[in-house]
Amino acid sequence: MKKNILAVCGIALILAILINGTQVQSVSEYYLTHIDDLTPESERVTISIRCDAIFPHYDELDPALRSEEFLPPDGVILPPTEYRLREGDTVFDILNRAVRQNHIQMEFQGAEESPFGSVYIKGIHYLYEFSCGPLSGWVYRVDGAFPHYGCSRYTLRDGQVIEWLYTCDLGQDAGAKWIGGREN
Amino acid sequence: MDRRSGKLKAFGSYHPTVLMIYFLSILLIAAFLSNPVLQTEALLGGILFCATLQRRGDGLRDLGFYLPLFLMVAVTNPIFSHNGVTPLFFLNGNPVTLEAVFYGIALAVTVIGVLLWCKCYSRIMTEDKFLYLFGRAAPKLSLTLSMALRFIPVFLRQSRRVSRAQKAMGLYAGKSIPDRVKNRLRVMTAMISWSLEHAMETSASMKARGYGNKGRTNFSLFRFRASDGALLAVLLLLLAVSAVGAAVGVTAFSYYPKVSVIPLSPDALTVYAAFGILSLLPSIIEGKEAVVWRFYRSRI
């Protein structure tokens, strides 16, 4: 009997730790973000999300996604929008704030689960990695350059421009040259 | 015991070639087509066929295994897959969506349907039938495969024996949970060495009997009768209708990002009907035999 109680307590403890590490939010709570006031002296960055690289590869796109609801006709999911830069904000923080404020669906893999020690963006606006061919997925560009590390390790400075681009061939159509061994 | 039950059954008395083609086609369609109607049909066919193959008590015990499995698969999917247009709530910043819940349920239906069909397969396609089919062409591979396929049932039977023996010796006979877990672990360690030894002994014994040599006959002989040909023709026709329909895409269905409408065109309905009959075929044959048997007994 004593052993039973011990076993139940042990399992309860593990469950408590698991539940404690989980954050549950309702839909309205998740999208409830107060807009930062942009004052003339505040530091700011610009973010945009585009998927126009899909159009040349339209025949490879998952048939379930072939509608205007999921693929905007102009390829723009989020036009360039300014966000206020808080201390220590990374590209991921700004993206997370932008998708919440604009009610855009996003799925990511947390930094602790990723072998690269950074958050990995699996999908934005129902467009996932591999949704348009085996080399497709999301890449990001800051001030025209492709960083060689994950988006939650890139700390931003005032005035930088972030672009999230959907690629169908490992970033080459977006202008990244890392496949050829040269950096741009 | 397995062998006898496999032979006494009406469906199990058909030629191994027909049975093999049947099980392969059902399993492939059930595992790879993601259409809720087809998945449900495969599950229902599996449940009915399993019910005819075993006693009622076994069915109830199975329920204790398959229901938790169903819930586990259905709940696990939305925790790890966040695609879908209808968020229910957010977990650590990722959405838990209605579509993922639906997909989880569909996945659970598929997994359990396939498991049930595999169970029926192991009841019907006994080792002698498997070796009859493939023993001549690829003796080593087919022996390995047949040993692998019957590994789990044999393992379970033997582990029950070991556990009973340990209990009789008074080891870990306590009723508390940790005692029972310890007992399981002890049995498990014994079973691992036993299964390795058993595999070696089986292959050695097969070799000693001249398995794989030229000119050896099979343990069981099967004749391809007219009824086998008839069943094979029906089965191939139904399979062709289902496979062509699925390949053309009349039953196409997707869960992400939005659950699509179940296709109900005449073509799709034909495919549903064909696959429905295909998956109910063994149960129909068993049912017919049972009715005939009743009728004959009533005449005595």
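A residue is counted as buried if 20 or more other C-beta atoms lie within 10 Å of its own, as exposed if 12 or fewer do, and as partly exposed in between, with the C-beta atoms placed from the backbone. The structure is a predicted model, in which local features need pLDDT of at least 70 and side-chain atom pairs count only at pLDDT 80 or more, whereas totals for chains, interfaces and linings use all residues. Residues are numbered from 1 along each chain as its sequence is written, and chains are lettered from A in the order in which they are written.

In chain B, buried residues account for 27% of the 300 residues, and the C-alpha trace of this chain spans about 60 × 60 × 45 Å along its principal axes. Chain B contains 11 helices and 2 strands, where helices (H or I, at least four residues) and strands (E, at least two) are DSSP runs numbered from the N terminus. From the N terminus on, the order of these elements is α-α-α-α-β-β-α-α-α-α-α-α-α. When two residues are taken to be in contact if their C-beta atoms, placed from the backbone, lie within 7 Å, 71% of the contacts in chain B between residues at least 6 apart in sequence join residues at least 24 apart.

The contact between the chains takes 20 residues from chain A and 17 residues from chain B. On the side of chain A that touches chain B, at least two residues each are supplied by α1 (2–20), β1 (24–26), α2 (27–31) and β4 (106–109) of chain A. Strand β1(A) is joined by 3 bridges to strand β1 (residues 87–91) of chain B, and the two run antiparallel; strands pair if DSSP finds at least two bridges between them. Within this pairing, V24(A) stands opposite L91(B) in β1(B).
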